Each structure stands twice: as structure tokens, then as C-alpha cells.
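Have a look at the fold before reading on.

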Amino acid sequence: MQRMMVLMRPGEEGQLSRFAGELWHDTYDSLLGQAQVDYMMQTVQSEENIRRQIREENYIYFFLFFEGARAGYCALKPEEEKMFLSKLYLSEKFRGRGLGQRALREVAESARRLGLKSVYLTVNRHNARAIRAYERFGFKRASCAVTDIGGGFVMDDYIYEYVLPQA
């Protein structure tokens, strides 16, 4: 099976930021409003912030492909015992094809190869489609968090965790 997660290369941060903007507006404008999405793009997914996350915070970004087309992206951050799945977004035209579940399997396998115990993520409490996908994979709701992100905005999230099966 062809690998769908392809490591983002140096110099592709601008491409990723523009692509992320399309996906974030598609995903969140109806949940959070365009103003908050614009703010989050500037503070989290700008070209410079992506570059800083990679350089200073140990983030790893991947483009997701399906049949040769760029279908989405994800960002991982290995931590001491867990993998943080920071971002997983699919273009609307690629949803419903099992790509999210396939990407989650690759993320879990990456964590397993690193000897980590689990994968965790945050998901907006009102993002029912993503919550269903994570729960279908086996993620369990661990807690919730409301985080002030500045600019008068908050993130109202559930925290989910997938404990890796022991070999």
C-alpha cells in the first residue's frame, strides 16, 4: 500500500500555511466564525509559526495524499511518553473515503515505533464529525479544556487519547 503521509520538506511551509487556511476556514468558519479562524491562522499556522514549531518545538508536519493528490495534512509532536496529534485535516472532497482512519493508523504506528504509550489530541467540542472519526478509531475522551488563545478568543476542546496496544 502506498504511504499517504509524506514529510513536509524545508521550504514548503508557505504552501502548507495556504493549504491549512483553506482547510481551517472550511472546517471552522461555521463553528467558530471567520474572525477567530483568521486569528488562529495568523497565530498558529502562518508560514513563520510553522517554521518555528518545527525548529523550536519538535513538531513534524506531513502532507496527506490520495491517488497522487494532496488531500490534507497533519502535525505530530513526540513527547516523553505520548504523541501529540496536533493537527489532522482533510479537504472536503476527500472526506468519507477512509483517509482519516488510515492517517490515524499511520500516526499510531509512528508513535509505536518511537516507543510511546499513547496518542492524544484536542478537538473542538462542537466538531461532531471529527469526534465520531476519533471515537471510531478507538480514542477515548479523557478530559476537556477551555484555553484562552488571545485576541478575545478561546478554544473549547475535548482531549482524547488512544492507548497503543501492547505488543
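## The main core

In this predicted model, the largest nonpolar core has 32 residues, and those with the most contacts inside it are Met5, Leu64, Leu85, Leu88, Val123, Tyr134 and Phe139. A nonpolar core here is a set of buried Ala, Val, Leu, Ile, Met, Phe, Trp, Tyr and Cys residues joined through side-chain atoms within 4.5 Å, and buried means under 20% relative accessible area with a 1.4 Å probe, protein chains only. H4 gives the most to this core, with six residues.

Tyr134 touches Leu85, Leu88, Leu104, Leu121, Val123 and Phe139, leaving aside residues up to four places away in sequence; contact means heavy atoms within 4.5 Å.

## Overall fold

The protein chain has five helices and seven strands, which are DSSP runs numbered from the N terminus (helices H or I, at least four residues; strands E, at least two). Along the sequence, their pattern is β-α-α-α-β-β-β-α-β-α-β-β.

Buried residues make up 47% of the 167 residues in the protein chain. Of the contacts with a separation of 6 or more, 59% are between residues 24 or more positions apart.

## About the model

Residues are numbered from 1 along each chain as its sequence is written, and side-chain values use heavy atoms, leaving out hydrogens and water. As this is a predicted model, local features need pLDDT of at least 70 and side-chain atom pairs count only at pLDDT 80 or more, while totals for chains, interfaces and linings use all residues.

Definitions and conventions. Buried < 20%, exposed > 50% of the residue type's maximum accessible area, 1.4 Å probe, protein only.
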